[in-house]
Amino acid sequence: MVMVYRLLLSGRIIARRSFSTSRSMWNTEIRPAPVEAQDFLDFVNQAQSPFHATEQAVLRLRKAGFQEIKEKDNWNGLLKRNGKYFFTRNRSAVIAFAVGGKYKPGNGFSAVGAHTDSPCLKVKPVSKKEKLGYLQVGVQLYGGGLWHTWFDRDLSVAGRVVVRTEDGKLENRLARIDRPILRIPTLAIHLDRSTSADGFKFNNETHLTPMLSTVTKSLTGEPAKPLQPDTEINGDIPLAEKHQPILMSLLAAELNVKVDQILDFELCLYDTQPSAIGGAYNEFIFSGRLDNLMMSYCSIEALIRSLKNADSLANDPNIRLVSLFDNEEVGSNTAHGADSNLLPSTFERLSLATYDGEAQASNTPTAYLEALPKSYLISADMAHAVHPNYAEKHDDGHRPHMHKGVVVKINANQRYATTAPTTVVLREVAKKYKVPLQEFVVRNDSPCGSTIGPMLSAKLGLRTVDVGNPQLSMHSCREVCGTEDVPLAIQLFEGFFEEFPSVDARLTVD
């Protein structure tokens, strides 16, 4: 017995030593996430809708000294070399630009494009629903979301509200209810055993309707008026009667107005759980809307950083520009999407504008057309990291990993706009700024998504490269990406703004 005890004790000691040796082989130092990742959390946690995302970009631009201009105004005599400007369209898209000190009309644009929208649920124009003692809110599906991930989340609403002020003005205001008021509950497995065998199946119209309150609780106040089902009649019903009274009251309280002052709204549902740094080594960002607020944040931050050295802009012959579009997730074919005239008209106006009070006659009528072949666009949208549980979904030679650099997207059928010369330009910049790049190519037996790159490249005849940081769970209510990739993307875009003219001068492709 003593011998057995000694053997067991010996085994424990060996195992303990083995464990100790094994631990020493791993990096046990846990460092904070990069400051850029922390700063991104501040951005995304205040950007629950495209309107809020645009507002967050505007706040950063103002703080960096950018001057707001209006698209409806005449820019001649307003713009100056070394000047920094921005304007918004629909308050859900924003263009920011800085004019190089050596810029002349006809010179090129160093541009980065991204988008402010993400797949989500949106409140219907007539959203009031009541069923079996529950007050519900009717929603529409926006974009191609993984809708099953919206079940059992603590949801609320954020977006734009049009109000009538006391003096009769009509104002657009941002609204966000900062507490969970909505939930889409799943059906208990006890009531549907097929879920475990056949997977989770649901109807988007009947099962994806969030509950807001119970009738019993709502009856402690004024009873709600029933809504007529006829849509022609509904068109004449006051807004307050098309939606649950408690929802209207919560919005009114948020905006400090009366319910009858609310004229209309566009509201997105969002997960109230804040975005967070995660992983054993603080290596992940767990968040909604990474696609594509991550690239929106990185592009704005890169533009601002590229201007910190005054000499950098003073010696630039180009205009540095960031364009954040709306509606990419539904095809971009809107007045404020990438398939609109937003970027072409901006390029044209900047090419034909006067600067520093110069005479209009100093411009040439073809300045806009001359500028396009000298320009370059980075289409920045998130990319697919290789999934540890679904590695077979990636091409063997093109499996992007987190923390290994920005992903360059390539597709022979031009689902992405990347070509060899455009990749060379980016690689030259990446080399100088020590930013690693990796490639993504979709498997031949898989479908391929797209982004704003091909449509803008075709519309403008513009050299374009599609890139993005790798992430998992794309289009989920809760996505994940790498913290180390945030500063890498910012470095790459910053380097592009500063170096593109000199790199382009060494490359000729007619």
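This is a predicted model: local features need pLDDT of at least 70, side-chain atom pairs count only at pLDDT 80 or more; totals for chains, interfaces and linings use all residues.
**The largest pocket**

- A total of 35 residues line the largest pocket. If you want to find its centre, look for His384, Phe440, Pro447, Gly449 and Met474, which lie nearest to that point.
- Two strands each give at least two residues to this lining: S15 (383-384) and S19 (470-472).

- Strand S5 (120-131), strand S6 (134-142) and helix H4 (194-198) each supply at least two of the residues in its lining.
- Sorted by class, the lining of the second largest pocket has 10 nonpolar, 8 polar and 8 charged residues.

**The cavity**

- How many cavities of 30 Å³ or more are counted here? The count comes to 1, and the volume of the largest cavity is about 190 Å³.
- The largest cavity is lined by 22 residues, and those closest to its centre are Ser118, Pro119, Cys120, Trp150 and Arg289.
- Helix H3 (50-63) and strand S10 (262-271) each contribute at least two lining residues to the largest cavity. The largest share of that lining comes from S10, with 4 residues.
- By class, the lining of the largest cavity splits into 11 nonpolar, 7 polar and 4 charged residues.

- Helix H2 (residues 35-44) packs against helix H9 (residues 290-305) at an angle of about 115 degrees. The axes of the two helices are 10 Å apart, and H2 passes H9 in a right-handed crossing.
- Which residues bring these helices together? From H2 come Glu36, Asp39, Phe40, Phe43 and Val44, and they meet Leu290, Leu293, Met294, Tyr297, Glu301 and Arg305 of H9.
- The contact of H2 with H9 holds 7 nonpolar and 4 charged residues, and no polar ones.

**Valine 112**

- Valine 112 sits in strand S4 (residues 109-115). Is valine 112 buried or exposed? Valine 112 counts as buried because its relative accessibility is 0%, where buried means under 20%.
- Leaving aside residues up to four places away in sequence, valine 112 touches Ser299, Leu321, Val322, Ser323, Leu377, Ile378, Ala380, Phe496 and Phe497.

**Serine 379**

- Serine 379 belongs to strand S14 (residues 376-380). With a relative accessibility of 1%, serine 379 counts as buried.
- Which residues does serine 379 touch, not counting residues up to four places away in sequence? They are Gly113, Thr451, Ile452, Gly453, Thr464, Val465, Asp466 and Val467.

Notes: Residues are numbered from 1 along each chain as its sequence is written. Side-chain values use heavy atoms; hydrogens and water are left out. Axes are lines fitted to C-alpha atoms, for helices over the stretch in contact, and angles run from 0 to 180 degrees between N-to-C directions. A crossing is left-handed if the near helix is turned anticlockwise from the far one by less than a right angle, and right-handed if clockwise. Contact means heavy atoms within 4.5 Å. Ala, Val, Leu, Ile, Met, Phe, Trp, Tyr, Cys and Pro count as nonpolar, Asp, Glu, Lys and Arg as charged, and the others, Gly among them, as polar. On a 1 Å grid over the protein atoms alone, a cavity is a set of points where a 1.4 Å probe fits but cannot get out, and a pocket is an open set with protein on both sides within 12 Å along at least five of seven lines; lining residues have an atom within 4 Å of a point. Grid points are joined across faces, edges and corners, and a volume is the space filled by probe spheres set on the points. Buried means under 20% relative accessible area, exposed over 50%, partly exposed in between (1.4 Å probe, protein chains only).
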